Amino acid sequence: MTAEAPPETPEVPWRRLSWRMLAVNAKWLVPPVLSVAVYAVFTGGNLGKEAFTRLGILTGIFVLVLLGETVDVLTTRFRVTGERFELRRGVLARRHKSIPLDRVRRVDVTANPLHRMLGLVVLRVGTGQRQDGEELKLAALRKDEAERLRAGLVTGSGEPRRGAGVLAELRWSWLRYSPLTVTGVLGIAILAGAGIRALEVFGIRPNDVFAWVRGLFGELELWKVLAVLAAGLIVLGVLGCLVAFADEWWGYRFERAEDGAFHVRRGLLTKRNLSLDESRVRGVELVETMLMRSAGAARVDLISSGMDAEPGEGPRLKSVTPAVPAAEANRIVAEIVGESPPPTAEAWLEPHPKAALRRRRLRAVLVVLVPAAVLALVGALVQPVLVAVAAVAAVALVPVALLLAADAYRALGHRVRGRYLVVRAGTADRRTVALRRDGVLAMTIRRSPTQRLSGLATVVVATSAGKGAAYLIRDAGFDGALAVADETVPGLWSPFVRRG
Amino acid sequence: MSEPLELVPPRHRVPSRAMRWWTVRAAITDVVLLAVVAGCAVWLRGVLPGALLTAIAVVAVLTAAAYLVLMPRVRYRVHRWEVTADAVYTSSGWVWQEWRVAPLSRVQTVDTERGPLQQLFGLATVTVTTASSAGAVKIAGLSHEVAKDVVRTLTAVTQSTPGDAT
């Protein structure tokens, strides 16, 4: 909200991307070439007319992509003036983006093996501004140039802080948690499925593949074949998780620089280097999925705007640790927020009223019984067997649902602790959120008709960061909701709350 | 924490003609939905038994009537707003109700909006946004003149706030 014109700065020259990027872009020629090769192998080199057309279209699409990217590389110009980061791109549709440096939330530098061979890196800038896309991307910079640019973009708050230094470094013992985090078996199954579907493009049917696999086992009975395949899938899945962990977290190092900027370095094949300004961090989340809880592991996510990567652009940026022992995760949280004991530690949180448990139980039962009732109704009309199926499903699933409801209720809790508002919730993913109280932008108390009847309320805490830009304290007691709202931002609610 | 806490409703009501505005909106919604129901009924005539169709029609008409009569009145009772020296405070909704406070130091923009119906009744909606999509405060159905005053006050306050209000 400053209106005065920026002072005249001497013209800063525009810089370009590296020419070497053109070599990287040649990767777009790999899929068509590979497709032709695969096809040739499977058919013995006889290109039918239909296959020829398909391969032709495929090649055409990739050549178009290659041309588009090449034009982008050749026409991109960028510069950092005193206050702004500017980016120009395009020939026909020219785009000019200019963002103030104080809007830069994070800088993410990555280099895949191809880039590294050529001494290049990709640099992404997260702005946290929804109107013009979350991210600006420079597809190819020389390493030294990227380093200079990064230093210019993420400056930290400038003031030296306590606790500068390494917050966490890779320990190979964490490898044991990796199968808990990636859904490895599922991943392999999906990959296999996709691969088989892809072969269909060349006229190779799934049945042919199955027949071929069956042939490998000779005379073995079908169930044994399936058992061997399932075991193989699990082994492959676990191996895949270990490999994925190694690739993602090799050389992991999470540190705080003297100027108060966070840096996360990691990666084996693709190296990543994330930098963000500490003053932009609105809080920390301790994430424990159900599997991770069973093994006593947890992960730390940062709450900051501009952390949403473009879909499909690698792993979650906001996760600054892999799954680590819960105590270690809490130690890292304590170092990040500079408060000890850490606000996320397993400690006394204000529990929610029993009415919240009753709500969860009721919902759990309805989630099971309503579909079962529909199934039974349909069954009664057309297929009597379905009634029995519905009854068995209901009897088996209601206890499970009730257990989950109880677990969900146990997770609920909130408390104001130091500079942070702590909120815990969730069953499948249990999240303990520690939100900076000075980052709270607005607060809402919300009540549905049933909540009014049972004396509950939900508090919506709006921040500039995080999913949906809000964190919810669900089903707190109405009194407790008012108390925590008033305590989170002192003086904000007090004129509007009275003792009855 | 001995005595129970309760919320003080915001100080101001919206003008009672806002009730007429909500009634007209409810009437439009009702007409559209009833037309859809009627269309489906005609289409399903012969497929479903006549008694069932009649029952559906009766329920639809009763629901529509209840919405038309109840919604504007309950909304009017709930809808309140207040601007203090430090914050904007509103209560809104009818079935689901909410009370929202945004500190003025966090306000980024202040907008007024007047749809054709609102213009007809001399009403306006003021939207106060913060840097969070979940933190916008809406005061719907203000009288046009009051809305102008509110915008003037809020703009003056927010312009004097340094920083980008994140």
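Two strands pair if DSSP finds at least two bridges between them. Helices (H or I, at least four residues) and strands (E, at least two) are DSSP runs, numbered from the N terminus.

Some ground rules. This is a predicted model: local features need pLDDT of at least 70, side-chain atom pairs count only at pLDDT 80 or more, and totals for chains, interfaces and linings use all residues. Residues are numbered from 1 along each chain as its sequence is written, with chains lettered from A and ligands numbered from 1 in the order in which they are written.

Now the hairpin. Strands β15 (residues 413-417) and β16 (residues 420-425) of chain A run antiparallel, joined by 5 bridges. His414(A) has Val423(A) as its bridge partner in β16(A). Between the strands sit 2 residues, and Gly418(A) takes a positive phi near 60° in this hairpin.

Next, the interface. Chain B has 29 residues in contact with 29 residues of chain A; contact is C-beta atoms, placed from the backbone, within 7 Å. On the chain B side, β1 (5-7), β4 (87-93) and β5 (97-103) each give two or more residues. Which element gives the most? That is β5(B), with 7 residues.

Strand β18 (residues 442-447) of chain A is joined to β5(B) by 5 bridges, antiparallel. There, Ile445(A) stands opposite Trp99(B).

Last, the annotation. An unreviewed UniProt entry lists residues 76-153 of chain B as "domain: YdbS-like PH". That stretch is 24% helix and 47% strand, and its end C-alpha atoms are 24 Å apart.

Note on methods
Two residues are in contact if their C-beta atoms, placed from the backbone, lie within 7 Å. UniProt positions are given in the numbering used here, feature names are shortened, and annotations may be inferred rather than shown by experiment.
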